[in-house]
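Sitting down with a new model today, notebook open.

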Amino acid sequence: MEENESKSLLPNINLPDDLRRLPLEELPQVCEELRQYLIQQLADNPGHFASSLGVVELTVALHYVFNTPEDRIVWDVGHQAYAHKILTGRREAFKTNRKFGGLRPFPSPEESEYDTCTCGHASNSISIALGMAVAAHRTGSERQVVAVIGDGSMSGGLAFEGLNNVSSTDNDLLVILNDNNMSIDSSVGGFKEYLHQLHTSKAYNDLRHALAKQCYRWGILNDERAKQLLRFNNSVKSLLNRQHNMFEGMNIRYFGPNNGHDVIGLVHTLRQIKDMKGPKMLHIHTVKGKGYAPAEKDPALFHAPGRFCPETGERIDEEDPSLPPHYQTVFGETLLELARGNERIVAVTPAMPSGCGINIVQAELPDRCFDVGIAEGHAVTFSAGMAKDGLLPFCNIYSSFAQRAYDNIIHDLAISRLHVVLCLDRAGLVGEDGPTHHGAFDLAALRPIPGLTIASPMDERELRNLMYTAQLPETEGVFVIRYPRGTGTSSSWRTPMQALPIGKGRQLKDGKDVCLLSLGPLGNDAAQAIREAESQAGVSVAHFDMRFLRPIDEGILHTVGKRFRQVITLEDGVRTGGLGSAVIEFMAEHGYNPKVTRLGLPDSFVPHGSLEELHRLCHIDRASIKEAILKATSHD
């Protein structure tokens with residue numbers, strides 16, 4: 001045992017400099033140890049699993065060839081970057097990954113100088129890396145810049161905007177396309193099919209290699225004449241392959257596709273192309289979950305599997321089977337019920353059919369479900385087109401990802417008052433995924449948009465009722481329903497659906513000392529906090545579930561303004577611009593003067609951690625709500 005441990009390489013790699021001191025032939029062993037380390041760590045401390053296994057060899061090769069952190073590696077969709085974290089000084093700390101106060105769930109410059117940018121969302125790597133490459137070019141720096149894009153991110157429009165600019169700007173950027181046919185669920189669309197068909201012939205590769213060696217001897221590969229050579233190269237390749245490569249059509253030098261799991265081959269390729277002038281694309285094929293048979297067999301399931309047995313791959317289900325189902329399950333089951341009875345209904349999702357529950361509809365009605373890939377803006381505008389001509393789209397986007405479709409919501413939906421149900425999944429705090437994934441801003445961002453209906457259910461039955469209401473023929477315009485990640489409050493949720501009056505809340509409890517106005521599932525914690533406060537201090541608290549942020553129930557607000565001197569608002573979104581702001585605006589405009597205490601997310605980015613820890617940090621947990629009630633009544 002001691003002899004085996006003495007031969008281990010990974011424990012002696014604390015930084016990439018240590019890696020670069022190893023002989024090339026030892027890199028496969030580093031990859032194997034790194035992969036086993038990831039399996040053991042993530043089996044016990046859950047995180048994004050299959051994606052990081054798929055880029056182990058690429059990560060090792062990049063840090064071996066490039067002089068990081070001086071050279072820049074920009075990761076797209078940061079759940080690929082666990083091996084990168086381990087090789088860049090965070091191996092021992094990796095056991096704290098995604099835990100409150102521990103390593104961040106995605107790369108962040110605030111955590112390490114090796115993390116060049118924030119990368120929790122997809123498709124931004126080419127644009128930000130191009131900016132870095134142009135900065136290096138203009139300042140005369142020798143810095144190399146590499147963008148690693150993959151896991152379905154090439155379906156995002158920003159990636160193509162970046163490529164378009166790459167082709168027309170002086171830069172030496174290297175783009176590595178990690179082609180694994182996956183995002184979370186399998187990749188979809190024409191670009192995915194194009195990548196499968198893309199190839200380079202043996203005749204072309206042999207000719208290119210011979211020409212490259214001769215050009216190095218002539219000393220012309222790295223000067224302005226290289227641009228002319230590139231155009232000739234593209235013509236020869238098109239002739240031999242009988243196809244035109246879209247990247248080379250943009251004057252981006254293309255290499256590949258290469259085996260992304262041959263670490264020595266990757267090192268040789270990167271060394272060969274890294275100093276070439278002009279933009280370059282290296283296309284590699286990888287397997288999501290590589291090296292762990294259960295993850296290779298079901299990469300979607302092992303994208304973020306939770307805890308599992310490392311020997312067998314059997315998942316350790318930590319959820320209490322007596323708990324209510326997830327909101328996502330309720331959404332999917334309810335949408336299927338509605339779709340059976342309303343042929344106009346179609347479902348749209350940007351690459352998240354299993355995550356949001358649309359896969360439940362997809363299993364029975366596949367021709368009415370559309371997974372558009374990682375393309376949130378397109379999902380919204382595509383829904384607009386269908387709504388314009390008579391269909392009724394339920395467009396389901398995670399709240400934090402919907403931020404990228406803000407203009408589409410305004411320009412393509414709201415102005416035309418098209419009937420689309422915009423379902424914002426994972427609204428509010430989402431836990432361990434942290435600030436890039438918290439659905440913190442949707443209420444404040446959408447509230448100023450004219451014509452929108454914005455609702456948030458307090459429980460699963462309310463979600464069903466809102467979905468039913470949203471699809472009624474008499475309902476007009478964009479109907480936004482936002483709801484959280486995780487389980488609800490009741491196992492008996494499958495109740496008959498009923499229409500709700502739009503813009504009307506409900507009184508849950510009467511009282512005389514203080515009034516609490518809640519929006520969304522936090523109302524359940526508020527109800528319990530009210531009971532505890534009344535039992536402890538003998539206070540009397542009124543409680544209204546507002547249901548709708550827009551149009552807001554002015555009848556309730558008039559009643560509250562006339563009756564109460566102390567008002568508390570509660571929401572799972574930023575305080576600035578949300579429910580609390582709406583209440584303060586209403587009171588000021590109508591001459592009421594209660595003291596309004598706003599409970600919600602702070603004016604700062606909330607870190608990662610468990611929901612319980614984050615609710616406590618943001619003072620929206622049950623104890624904090626009770627404290628606010630007692631404080632308000634003491635000031636009355």
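Entry 1, the whole chain. What share of the contacts with a separation of 6 or more in the protein chain comes from residues 24 or more positions apart? I get 78%. A reminder to myself: this is a predicted model.

I looked up the make-up next, and the protein chain has 27 helices and 17 strands. Of its 636 residues, 58% are buried. I also noted the accessible surface of the protein chain, which comes to about 26000 Å². Carbon and sulfur atoms hold 50% of that surface.

I picked α3 (residues 27-44) and α13 (residues 263-273), which pack with their axes 8 Å apart. The angle between the two is about 120 degrees. Roughly perpendicular would stop at 115 degrees and roughly antiparallel starts over 145, so α3 is oblique to α13. Which residues make this contact? On the α3 side I find Leu-27, Pro-28 and Cys-31. On the α13 side I find Val-263, Ile-264 and Val-267. Sorted by class, the contact of α3 with α13 has 6 nonpolar residues, with no polar and no charged ones.

How many does a search of the whole structure find? It finds 30 salt bridges. I followed up a few.

I began with Glu-57 and Arg-35, whose side chains meet at 3.0 Å, N to O. This pair links distant parts of the chain, with Glu-57 in helix α5 (residues 56-65) and Arg-35 in helix α3, 22 residues apart. Are these two buried or exposed? Both Glu-57 and Arg-35 are buried.

I then turned to Asp-172 and Lys-277, which form a salt bridge at 3.8 Å, N to O. Here 105 residues separate the partners. Asp-172 sits in the loop between α8 (157-166) and β3 (174-179), and Lys-277 in the loop between α13 and β5 (280-285). I checked the cover too: Asp-172 has a relative accessible area of 25%, so I log Asp-172 as partly exposed. Lys-277 is at 39%, so Lys-277 also goes down as partly exposed.

I went on to Arg-340 and Glu-364, a salt bridge at 2.8 Å, N to O. Arg-340 is in helix α15 (residues 327-341) and Glu-364 in helix α17 (residues 358-364), 24 residues apart. Arg-340 counts as exposed because its relative accessible area is 52%, and exposed means over 50%. Glu-364 is at 40% relative accessibility, so I wrote Glu-364 down as partly exposed.

Lys-85, Arg-90, Glu-111 and Asp-115 are linked in a network.

Methods. Residues numbered from 1 in each chain as written. Predicted model: local features only at pLDDT ≥ 70, side-chain atom pairs only at ≥ 80, totals over all residues. Heavy atoms only, no water. Axes fitted to C-alpha atoms, helices over the stretch in contact; angles between N-to-C directions. Helix = DSSP H or I, 4+ residues; strand = E, 2+ residues; numbered from the N terminus. Parallel < 35°, antiparallel > 145°, perpendicular 65-115°, else oblique. Contact = heavy atoms within 4.5 Å. Nonpolar A, V, L, I, M, F, W, Y, C, P; charged D, E, K, R; others polar. Buried < 20%, exposed > 50% of the residue type's maximum accessible area, 1.4 Å probe, protein only. Areas by Shrake-Rupley, 256 points an atom, 1.4 Å probe, with all protein chains shown as cover. Salt bridge = Lys/Arg side-chain N within 4 Å of Asp/Glu carboxyl O.
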